Amino acid sequence: MTIRDAEVIVTSPDRNFVTLKITTEDGVTGLGDATLNGRELAVVAYLSEHVVPLLIGADEARIEDTWQFLYRGAYWRRGPVTMAAIAAVDMALWDIKGKVAGLPVYQLLGGASRTGLLAYGHASGKELPELFDSVRAHLEQGYRAIRIQTGVPGLHAIYGIASQSADTGGGTARYDHEPARRGARPVQEDWDTRAYLRHLPGVFEAVRNEFGPELPLLHDAHHRSTPIQAARLGKDLEPYDLFWLEDCTPAENQEALRLVRSHTTTPLAIGEVFNTAWDFKDLIRDQLIDYVRGAVTHMGGITALRKTLDYAAMYQIKSGMHGPTDISPVGMAAALHLGLAIHNFGIQEYMKHGQRTDEVFQQSFTWSNGLLHPGDKPGLGVEIDLEAARAHPYERAYLPYNRLADGTVHDW
Ligand SMILES: [Mg+2]
């Protein structure tokens, strides 16, 4: 068979998603996620102008060769735009291969290594009572592991904290729905690392006292500390037995992790902004991290992330795939198939998509007893309703950013 058509679909049911739909001459279709939060249309152009013309007439069965052709053949390697585009092609070809074989993709990857995937949800609150309510709500929904994000005294708006507001009738708002809650320019939030470092250990002490020692707790530091501040944070959090501390320093300076590591036994997770195995190579070889945060969508697809995770397995480093709502249901399905198949699965980030998103993307994964499973439909198990997708056109949206009290732009 050969590829007859490849279509780039942009839709914004709750937030923007970029999806590649590949169709073979026999009419088999495959979907890939190419969503790059806040820079979506750059990937649309990369795909439409430079990749789709190369796919027409190509052999859809040659997944590895297609990956190498798009990666090596372009001369310009790496980068989030390039790798999201390659990821979408890769996912769509795995989807097609599964459908042709009549098997779910995890079977093509070697079969299930477990019955389901432990997932963690995002609890947050400005103050402790609100945070406790959020943790309880997640436990009631079946989550068995919880990420804890909290407000900091003196800071007005911090990313990752849902707020109780009038527009939700006093209910807890979601902080992730874009562009509905964002607008045409990035929202400015504020930051003070010293205040954060003073406040956070007390929050974890309170959460442990309230919910006991067993519940796996995670925290995302969003790249905002210097290396020595991150080292102190890891050390201060040791009594509360974190599952992981995520993105404790900006990810570009990988030497920083060596400094952090030398001071703390708190497990470290990093890499949601990385896009190739090369970004992880030294961190894995030198055992400076415990979890690989790469997403299938941003790491060049199933083919590439599988290789990175196999390398990580040699050092007992596990997967912790990025999975907030800017990973589309297609990207999430790819993560679940990969996570089910590999031996060194660690945990899966999981934020439920909104209802409109679920109407655009029909999914077959299941969520029960805190465990995700990709389902057994051939391929990835996700289909897109094009009519529903067209009803939600693209809206420009940006992630928020933050400034210090003196106006300095700070790290994400
Ligand atoms: Mg994160």
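## Ground rules

Residue numbers start from 1 along each chain as its sequence is written, and side-chain values use heavy atoms, leaving out hydrogens and water. In this predicted model, local features need pLDDT of at least 70, and side-chain atom pairs count only at pLDDT 80 or more, while totals for chains, interfaces and linings use all residues.

Side chains of opposite charge can pair when their charged atoms come close. A salt bridge here is a side-chain nitrogen of Lys or Arg within 4 Å of a carboxyl oxygen of Asp or Glu. The structure holds 20 of them.

Arg136 pairs with Asp133 at 3.4 Å, N to O. Both sit in helix α5 (residues 128–141), 3 residues apart, or about one turn of the helix. Helices are DSSP runs of H or I with at least four residues, strands are runs of E with at least two, and both are numbered from the N terminus. Arg136 also forms a salt bridge with Glu210, with the closest N and O atoms 2.6 Å apart. This pair links distant parts of the chain: Glu210 belongs to helix α6 (residues 193–211), Arg136 to α5, and 74 residues separate them.

How exposed are these residues? Arg136 is partly exposed, at 32% relative accessible area. Asp133 is partly exposed at 45%, and Glu210 at 39%. The cut-offs are under 20% for buried, over 50% for exposed and in between for partly exposed (1.4 Å probe, protein chains only).

## A buried pair and a network

Glu272 and Arg293 form a salt bridge, their closest N and O atoms 3.0 Å apart. Glu272 lies in the loop between β9 (268–270) and α9 (277–285), and Arg293 in the loop between β10 (291–292) and α10 (302–313). Glu272 is buried at 17%. Arg293 is buried at 0%.

Salt bridges also link a network of Glu255, Arg258, Lys281, Asp282, Arg285 and Asp286.

## Helices α2 and α3

The axes of α2 (residues 63–72) and α3 (residues 80–101) come within 10 Å and cross at roughly 165 degrees. Axes are lines fitted to C-alpha atoms, for helices over the stretch in contact, with angles from 0 to 180 degrees between N-to-C directions. The two helices are therefore roughly antiparallel, a label for angles over 145 degrees.

Contact means heavy atoms within 4.5 Å. Residues making this contact include Trp67 and Leu70 of α2 and Leu93 and Trp94 of α3.

Key
Parallel < 35°, antiparallel > 145°, perpendicular 65-115°, else oblique.
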